[in-house]
Amino acid sequence: MEFLFCYSQAIHMANMTSYIPGKSVLQLFWDYLLTNFQDTLRSPLFPIILSVSTYFLLVTLFTILDVLAYILPGINQYKIHSKKQVTLNEILKTLGLTVYNHLVFIFPATVAQWYWRPPVPLPKEAPSLLEFVFGILGCTILFDFQYYLWHMLHHKIKWLYTTFHAIHHEFYEPFSLVTQYLSAWELICVGFWTTVDPIFFQCHCLTAWSFMVFNVWISIDDHCGYDFPWSMHNLIPFGLWGGSIKHYAHHQKPSTNFAPFFSHWDWLAGTGSGWEHSAALTTRLKKKS
């Protein structure tokens, strides 16, 4: 865990380093938020509303893309499995469980938090740019490690798999709404780490909220079923980022690719699938040549 301590120290130093040029980059934005939306931001409901609304907005965009693939065949060139079309029954099934989990588990927790927790005071100073970037990166690395262990154990231990995780693997070819097609236990674990990790790194609230949004986005990207040229796994070099390709491979080969985002834990533990490219990318390269 030494690397996590290093990140924590780096973020702490960023907090204390007032002469860094990036210090004022976010201040104008933060001042604008404080001036116009301070009461909203102080509410204990805000982080949950931000996370949930971001999720439903992004999965709606991908679902529209899935539906358009029926009438616009050009979209299929970006699908990891170009012949697989998302059906209405699959959309309704995954959406049904997602809404159920949010109404039965997320909504009561939100109301309880609103009732018991007073509005939080907001700092006047914005995070420095270095603190902001290191905070999100540190939280993402820590979350990746936590979920890797959780995920691997829930595949290796049969009782954990059948009781909590098997429902997520009902879909061998994931699409965006599969992201939160989860048991309540898994949803609670993911939400807990997303909330606690910024506290562990003593992140500014703007950094914490941005990490929540970033975490939702990359989780959906993992499950979207698309291999776009601008997808993160195609932009980050050396295969460091798993992305939709490796998570798609995990749904095909459930004993591989346990890490949600990065590739290093699967590489170190020998649990990688070996999949580096999708058939969609191969097809596009052939067309170009």
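Buried, in my notes, means under 20% relative accessible area, exposed means over 50%, and partly exposed is in between (1.4 Å probe, protein chains only). By that rule, 49% of the 289 residues in the protein chain are buried.

**Ground rules.** I'm working with a predicted model, where local features need pLDDT of at least 70, side-chain atom pairs count only at pLDDT 80 or more, and totals for chains, interfaces and linings use all residues. Residues are numbered from 1 along each chain as its sequence is written, and side-chain values use heavy atoms, with hydrogens and water left out.

**Overall layout.** I looked up the secondary structure and found twelve helices and zero strands in the protein chain. Helices (H or I, at least four residues) and strands (E, at least two) are DSSP runs, numbered from the N terminus. Next I checked contacts, meaning heavy atoms within 4.5 Å. Of those between residues at least 6 apart in sequence, 72% join residues at least 24 apart.

**Surface.** The protein chain exposes about 15,100 Å², and carbon and sulfur atoms supply 71% of that. These areas come from the Shrake-Rupley method with a 1.4 Å probe; for residues, only the protein chains shown count as cover. I also found a nonpolar surface patch of about 680 Å², made by Leu 57, Leu 61, Ile 64, Leu 68, Tyr 70, Ile 71 and Leu 72. Patch residues have over 30% relative accessible area and no salt bridge; like charges are joined within 9 Å, nonpolar side chains (Val, Leu, Ile, Met, Phe, Trp, Tyr) within 5 Å. A salt bridge is a side-chain nitrogen of Lys or Arg within 4 Å of a carboxyl oxygen of Asp or Glu. Leu 72 sits in the loop between α3 (46–68) and α4 (88–116), and its relative accessible area of 43% makes it partly exposed.

**Leu 149.** I found Leu 149 in helix α5 (residues 129–156). It counts as partly exposed, at 36% relative accessibility. From Leu 149 to Trp 265 is 116 residues in sequence, yet 9.5 Å in space, C-alpha to C-alpha.

**Aromatic rings.** Rings of Phe, Tyr and Trp (its six-membered ring) pair if their centres lie within 6.5 Å; planes under 30 degrees apart are stacked, over 60 edge-to-face, and the rest tilted. I get 26 aromatic pairs this way. Phe 62 and Tyr 226 are stacked, because their ring centres are 6.3 Å apart and their planes are at 25 degrees. Phe 62 is in helix α3 and Tyr 226 in the loop between α8 (205–223) and α9 (232–235), so the pair ties together parts 164 residues apart in sequence. Phe 62 is buried at 16% relative accessibility, and Tyr 226 is buried at 0%. Trp 241 and Phe 262 make an edge-to-face pair, 4.9 Å centre to centre with 80 degrees between the planes. Both of these residues are buried too.

**Cores.** What is a nonpolar core? I use a set of buried Ala, Val, Leu, Ile, Met, Phe, Trp, Tyr and Cys residues joined through side-chain atoms within 4.5 Å. The largest has 30 residues, and Trp 30, Leu 41, Leu 122 and Trp 209 touch the most other members. Helix α5 gives the most to this core, with eight residues. Apart from it lies another core of 19 residues, including Phe 62, Val 86, Ile 220 and Tyr 226.
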